[in-house]
Amino acid sequence: MTKTKTNEGIDSSVSFENSKTINEEESTPIDLLEKTTSSLDQIEDENLRKGFNSFGFSKGLLNTLEKKGYKEPTPIQKAAIPELLLGRDLLGQAQTGTGKTAAFALPLLERINSQERNPQVLVLTPTRELAMQVAESFKAYAEGHPNTNILALYGGSDFRSQVYTLKRGVDIIVGTPGRVMDHIRQGTLIQESLQCLVLDEADEMLRMGFIDDIEWILEQIPNERQMVFFSATMPSEIRHLSKRYLKDPAEITIKSRKKEAKLIKQKYIIIQNSYKLEVLKRVLELSSGEGVIIFARTKAITLKLAESLEASSHNVAVLNGDVPQNLRERTVERLRQGGIDILVATDVAARGLDVERIGLVINYDMPFDSEAYVHRIGRTGRAGRSGDAILFISPREKSYLRNLERAVGQAIDRMDIPSNESINKHRIAKFKKDLLEKASTKNGTKEESDLLEILISEIENELELKPKDIALAALNLAIGDSSLLIKGDESWINQAERYNKSGDRREIRGRNRRRPDTDSNPNDKDKERFRVEVGHRDRVKPGNIVGAIANESGLNGRMIGRIQIFEDHSLVDLPKGMPNNIFNGLKKVKVMNKELNINRYK
Ligand code: AMP
């Protein structure tokens with residue numbers, strides 16, 4: 001029995017938490033250690049007993065950790081910290097939420113030489129948000145290291161102030177590849193002094209097209225250095241990269257709940273608030289008849305939903321912080337036995353709930369964070385069964401989808417709002433199935449079925465009805481007052497679908513990605529877009545193109561607009577009205593040993 005302080009202000013004992021599945025939260029940390037180096041195994045037991053003390057950390061760091069309330073190292077920390085303290089290279093597979101930032105930040109902080117003025121540690125992250133977050137973590141952990149300077153370097157923030165800070169002396173840099181490259185090129189980031197490089201979320205960097213930039217940076221780092229790669233997944237490109245750059249690395253893999261999540265088909269619908277309830281009812285229409293849990297953000301919403309669903313003849317109960325413990329247990333038992341089909345719950349109330357019969361989890365409201373999402377969807381797909389999870393997202397929230405996908409390590413696909421046609425198909429199929437089941441199972445006593453047969457022949461004779469007419473009448477009786485088919489106005493669906501379709505993958509990811517804008521019109525109306533025949537495969541960088549064009553045309557570098565590099569070509573925005581002689585001259589200019597062969601991009 002677990003005592004949980006709920007965020008609903010109630011101290012609730014969640015006694016139905018009897019999950020047997022081993023996952024990050026419920027297991028002992030050691031269960032999660034899939035593979036690590038043998039030398040670590042001996043240290044493990046000691047670590048378990050002594051928490052952070054056994055790593056030999058400085059008093060300052062131990063105090064900081066105590067203040068932060070860190071009692072036990074997480075599995076990734078247990079495995080990685082001793083290796084990193086020894087200066088060893090490391091390839092770690094671990095997701096966000098496993099404590100991986102501290103796993104590299106703590107040992108690196110301890111190894112910093114605060115007398116050195118130039119940067120010693122460089123951490124590369126795929127996004128500026130992560131760069132800020134990791135830099136903040138470093139700063140928090142460095143409270144007991146007063147002379148350690150940490151700087152986040154990312155695009156979109158003032159370059160000159162970054163240069164100024166770098167000049168004053170920085171020990172640890174956390175940055176995104178583009179901005180780090182700019183500083184290395186400008187000589188404002190002295191890379192020769194770097195002793196350690198960390199690639200955080202390496203797979204994400206790959207997905208975002210940073211692989212060339214990463215390799216360029218890796219090539220600039222001195223040979224004698226420590227390199228650490230962390231990745232949530234381990235695609236072959238990361239393996240190749242690690243083979244090329246890591247020297248005899250320790251390899252650590254942390255099992256996560258993602259394996260469970262793989263059994264769960266996850267979908268989303270982007271929907272405005274005003275249509276949510278109607279869409280919920282439609283989604284429920286299509287559910288397979290197994291148990292359903294609907295997650296709502298507040299107690300008030302759970303009540304409102306349950307009322308509406310009850311009014312639509314659903315068999316529903318509420319589980320929230322106001323429901324007394326004994327009633328909660330009874331409710332869960334009824335769900336387990338099929339006495340109720342739908343549970344509308346808040347996160348805290350449904351934590352740890354383990355009912356095999358749950359085939360569908362509906363996130364009516366967006367979860368507070370990815371952790372909560374993983375918990376929620378884990379209520380289905382229990383005991384190795386498959387399950388479905390559907391997420392309702394408001395148009396404003398759609399950018400969070402990517403975080404959730406990363407937390408579960410798989411794609412969440414868009415789902416259409418169920419139309420009248422699909423609901424009707426489902427209703428008819430179900431009606432047929434129910435009829436078939438009734439026809440093939442005998443229920444009631446022999447006397448009763450004899451009586452029904454007599455009734456049929458009496459009706460046949462008295463009312464002169466054919467068996468088909470009697471069957472039709474019986475079907476109508478079974479359908480009752482409601483109609484078999486849904487016929488309501490569905491014009492709103494088309495409107496709502498426009499939002500929903502706007503969530504298609506490319507659009508959502510585009511926010512974080514340097515998505516090429518292949519429109520032939522540049523944003524700047526004074527510029528024209530041109531195509532040049534050098535691209536990634538020639539290892540060209542924007543600086544090469546700028547340099548070549550500026551030299552040949554005499555244009556000031558600042559007048560050269562946006563440059564987008566593709567596999568075999570690039571697009572560049574140049575001032576309108578380029579004289580012919582310059583244009584022809586540019587055609588012959590070579591970059592990376594290839595002629596630009598510049599042309600207007602149509
Ligand atoms: P991360 O995986 O680095 O994003 O960390 C996830 C969260 O776990 C962060 O909020 C950390 O502050 C927290 N955390 C990391 N290590 C520990 C620990 N040993 N004990 C408690 N919390 C931790």
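Val-180 is buried, with a relative accessible area of 0%. Buried here means under 20% relative accessible area, exposed means over 50%, and partly exposed lies in between, with a 1.4 Å probe and protein chains only. This is a predicted model, in which local features need pLDDT of at least 70 and side-chain atom pairs count only at pLDDT 80 or more, while totals for chains, interfaces and linings use all residues. Residues are numbered from 1 along each chain as its sequence is written, and side-chain values use heavy atoms, with hydrogens and water left out.

Val-180 sits in helix α7 (residues 177-186). Helices (H or I, at least four residues) and strands (E, at least two) are DSSP runs, numbered from the N terminus. What does Val-180 touch, leaving aside its neighbours within four places in sequence? It is in contact with Leu-122, Leu-124, Leu-153, Gly-175, Leu-189 and Ile-217. Contact means heavy atoms within 4.5 Å. Asp-213 lies 33 residues from Val-180 along the chain, and their C-alpha atoms are separated by 9.6 Å.

Asp-213 leads on to helix α9. The buried residues of α9 are Asp-212, Asp-213, Ile-214, Glu-215, Ile-217 and Leu-218. They pack against β5 (121-124), α7, β8 (196-199), α8 (202-207), β9 and α10.

Take α10 from that list. The axes of α9 (residues 211-220) and α10 (residues 236-245) come within 12 Å and cross at roughly 10°. That makes α9 roughly parallel to α10. Axes are lines fitted to C-alpha atoms, for helices over the stretch in contact, and angles run from 0 to 180 degrees between N-to-C directions. Angles under 35 degrees count as roughly parallel, over 145 as roughly antiparallel, 65 to 115 as roughly perpendicular and the rest as oblique. From α9, Ile-211, Ile-214, Glu-215, Leu-218 and Glu-219 meet Leu-241, Arg-244 and Tyr-245 in α10. These residues divide into five nonpolar, no polar and three charged. Here Ala, Val, Leu, Ile, Met, Phe, Trp, Tyr, Cys and Pro count as nonpolar, Asp, Glu, Lys and Arg as charged, and the others, Gly among them, as polar.

Most residues other than glycine have a negative phi. Glu-201, in the loop between β8 and α8, has a positive phi of about 55° although it is not a glycine. Asp-248, in the loop between α10 and β10, has a positive phi of about 45° and is not a glycine either. Are these two residues buried or exposed? Glu-201 is buried, with a relative accessible area of 7%. Asp-248 is exposed, at 60%.

Next comes strand β4 (residues 90-93). Leu-90 and Gly-92 point one way from β4, Leu-91 and Gln-93 point the other way, and all are buried. In a regular strand the side chains alternate between the two faces of the sheet. Four bridges join β4 to strand β9 (residues 226-231), and the two run parallel. β4 also pairs with β10 (residues 250-254) in the parallel sense, over four bridges. Two strands pair if DSSP finds at least two bridges between them. Leu-91 stands opposite Phe-229 in β9 and opposite Glu-251 in β10.

Now the nonpolar cores. A nonpolar core is a set of buried Ala, Val, Leu, Ile, Met, Phe, Trp, Tyr and Cys residues joined through side-chain atoms within 4.5 Å. The largest has 41 residues, of which Phe-104, Leu-106 and Phe-138 touch the most other members. Helix α4 (residues 100-111) gives the most to this core, with seven residues. Apart from it lies another core, of 31 residues, among them Leu-122, Leu-124, Leu-166 and Ile-217.

Phe-295 stands opposite Asn-363 in β15.

The last stop is Arg-427, in helix α17 (residues 420-440). Arg-427 and Glu-285 are 142 residues apart in sequence and 8.0 Å apart in space, C-alpha to C-alpha.
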